[in-house]
Amino acid sequence: MKRIIKGQVFYSKTYLLDRVNLSARTVEKWSQGKVVEGQEIWFCEEYIPLQSRQKIEAHEFSIRLEYLASGFNEEYAQFLPAVAAAGIKLSKREAIAKEWAVWHRIAKLTDESNLQRITIAKAYEVYSSLCLPKAMTNYWSFYRKLSDFRRNPEAAIINARTGKKSNAAKKTKRHEEVLEHLYSLPNKYKAPFICEKANELFRMEGLKELSYETVKKHLADKQFQARTYFSRHGSKAHSDNQRAFIPFQKPLAVGVRAEMDGVKLPFKVWDKEGKKLVRPWMFAIIDTHSGKITGWSLDYSETRWMVVKALKEQAKQGWLPKEIWTDNFSGKDTPEFDDLESKMAAIGSVIKYCKPGKSQEKPFIERFFGTFQDRFCREYGDWLGMAITSKNLNNRPNPDALKAYIKTHGYPTMQQIRERIEAMLEKYHETSFSGKFTPQELFAACKEPQRIAISEMEMPYLFWHKTTAKVNRGLLRIEVNKQEHIYKAGIEFNGQSLVVRYEPEDLSEVYLFADDEAETHLGVLMQHGLISRNTIKDIGEADRNNRKDREIEEAKALALAAPHMTSKEILSLVEDEAEEELLSFALLPAKQETRKRGNPFTAPATLKVWDPNGIN
């Protein structure tokens, strides 16, 4: 049983157990929104969990569908006398009476006096599921007919004829051919000109002329416009507006299909140099099952790194969708994105591209950006409007109010825009559109998501920046933003070219991979910050000098052992050193009595000059 208490919908426990077939264990877990009246317990609809609410809605939907079907099949007899009195043919009376019975019950379901009434939108869903012959397929036509039925049921259903001859009797196949030919011309003639030229031709051929209202009504027919749209407006307009969306069903689980795209936000910020105002770019990824934004990025322009960053934010949640649909953005043909695309395809996440000019192949992300800019970005005072070419006054800001706001608050920074997006996305995920479940509720309610799991070790392999460097003396150098960063790799990698994966925002560590087809993971390197550029240069020079000295000593030793195998330069160098050694013996300091043992530097040394002529 269902009732209204203080403006809120409550369900009885008996109704939930017997009619909806919920388990007693499930109902007993509900503690919030419970009201006890006598022997009956009532539960507020607002506090009932999502899955149970879905079962209740499905049960109520089936009850309403059965209610309309019984009117169509059983209770139409009470309307037959009124249909017969209106002069309807005997062969059509039953069909019109059945239609009357259905609309009669729809009016009861949506009547304001009915405490358990439903909205017209829900009534239209039940009506569409009934699959009546010649049923309405447009919601607004359904709404107008229901309004007319409430005012005058007989006029809305029967449409009693006035007795005048219809213009439909005048129209022949030739009339329709002429009108279709004139309307399909690329000159885009209006209805008055088409009516005039068509009647001139009809008079020449001896056909009856058509009134302007008849021609205008014929030109407004949807099927007629669909047939002539291509030749009248061109292939591009036909592709964008008339051709149906890509034939696919909405996914039944999270991760089956995602869409991504970028857009210029309706705000202005100063560029990196602070010289001019630009509109920042936002790139987002949406799950088509729930409508939740699972990854996004922000930058001054649309680049390949912006797209990679959005995919990285998606992967930080631990998964990637099986399919990601996007358009042909400018950075998709770069080596970095080609490498990422091939690696994602290898683990099962495939990036698919829409045909050029076919934005309808990714309708979910297009609809999100429209709602995001129109409904959420509009709340800020420096909102610039829906689009730069929009001529609708409601889609453009008040120029005086915008100028006053900028004068008072100034233009936002990039960080402020980032904080705005975070707040707007949080609000978007908790918003119910058209009375349906919120994106966050639909995302959380999916119990069997079909997605590709991503480990933490796979993140650098997929999304970090890639470069190649050669190890020299156990050190690895990479240059990022015109600055050199040094890492200690180890002497076992000397002379090898390795693949380095890094994040420009955090260079404290890099991931090292072998330069092969599979990019075998070798390890993680921490930044070697204790060795400066000058110190490394000094170490290299000292190493070269020591090596040169060792080579000379080895050559001298060879000269003493085997003079015939030594060059003349080394032999002369050895002879010079021998003479210097002999001279050093002759120039030894003389001994003095005042000199104490143990400290040779207590008194200045006295040199005795060697005289070669004094030798006998």
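Trainee: How many salt bridges does the structure hold?

Mentor: It holds 24 salt bridges. Keep in mind that the model is predicted.

Trainee: Start with R105. Which residue does R105 form a salt bridge with?

Mentor: E75. The closest N and O atoms are 2.4 Å apart.

Trainee: Where do R105 and E75 sit in the chain?

Mentor: R105 is in helix α5, residues 90-109. E75 is in the loop between α3 (50-73) and α4 (80-85). The two are 30 residues apart, and the pair links distant parts of the chain.

Trainee: R105, buried or exposed?

Mentor: Buried. The relative accessible area of R105 is 8%, and the cut-off for buried is under 20%.

Trainee: And what does E75 count as?

Mentor: Partly exposed, at 38% relative accessibility.

Trainee: Next pair. What does R174 meet in a salt bridge?

Mentor: The side chain of E205, at 2.7 Å from N to O. R174 belongs to helix α9, residues 173-183. E205 belongs to helix α10, residues 191-205. They are 31 residues apart, so this pair also links distant parts of the chain.

Trainee: What about accessibility for R174?

Mentor: R174 counts as partly exposed, at 34% relative accessibility. E205 counts as partly exposed too, at 38%.

Trainee: Which side chain does E336 meet in a salt bridge?

Mentor: That of R304. The N to O distance is 3.0 Å.

Trainee: Why does that pair tie together parts that are apart in sequence?

Mentor: Because E336 lies in helix α15 (residues 335-347) and R304 in helix α14 (residues 304-315). The separation is 32 residues in sequence.

Trainee: How accessible is E336?

Mentor: E336 has 31% relative accessibility, so it counts as partly exposed. R304 is partly exposed as well, with a relative accessible area of 27%.

Trainee: Switching to the surface. Which residues form the negative patch?

Mentor: D549, E551, E553 and E554.

Trainee: Take E554. Where is it placed?

Mentor: In helix α21, residues 533-561.

Trainee: Why does E554 count as exposed?

Mentor: Because its relative accessibility is 56%, and exposed means over 50%.

Terms used
Residues numbered from 1 in each chain as written. Predicted model: local features only at pLDDT ≥ 70, side-chain atom pairs only at ≥ 80, totals over all residues. Heavy atoms only, no water. Patch = residues over 30% accessible without salt bridge, like charges linked within 9 Å, V, L, I, M, F, W, Y side chains within 5 Å. Areas by Shrake-Rupley, 256 points an atom, 1.4 Å probe, with all protein chains shown as cover. Salt bridge = Lys/Arg side-chain N within 4 Å of Asp/Glu carboxyl O. Lys, Arg positive; Asp, Glu negative; His and termini not counted. Charge placed at Lys NZ, Arg CZ, Asp CG, Glu CD. Helix = DSSP H or I, 4+ residues; strand = E, 2+ residues; numbered from the N terminus. Buried < 20%, exposed > 50% of the residue type's maximum accessible area, 1.4 Å probe, protein only.
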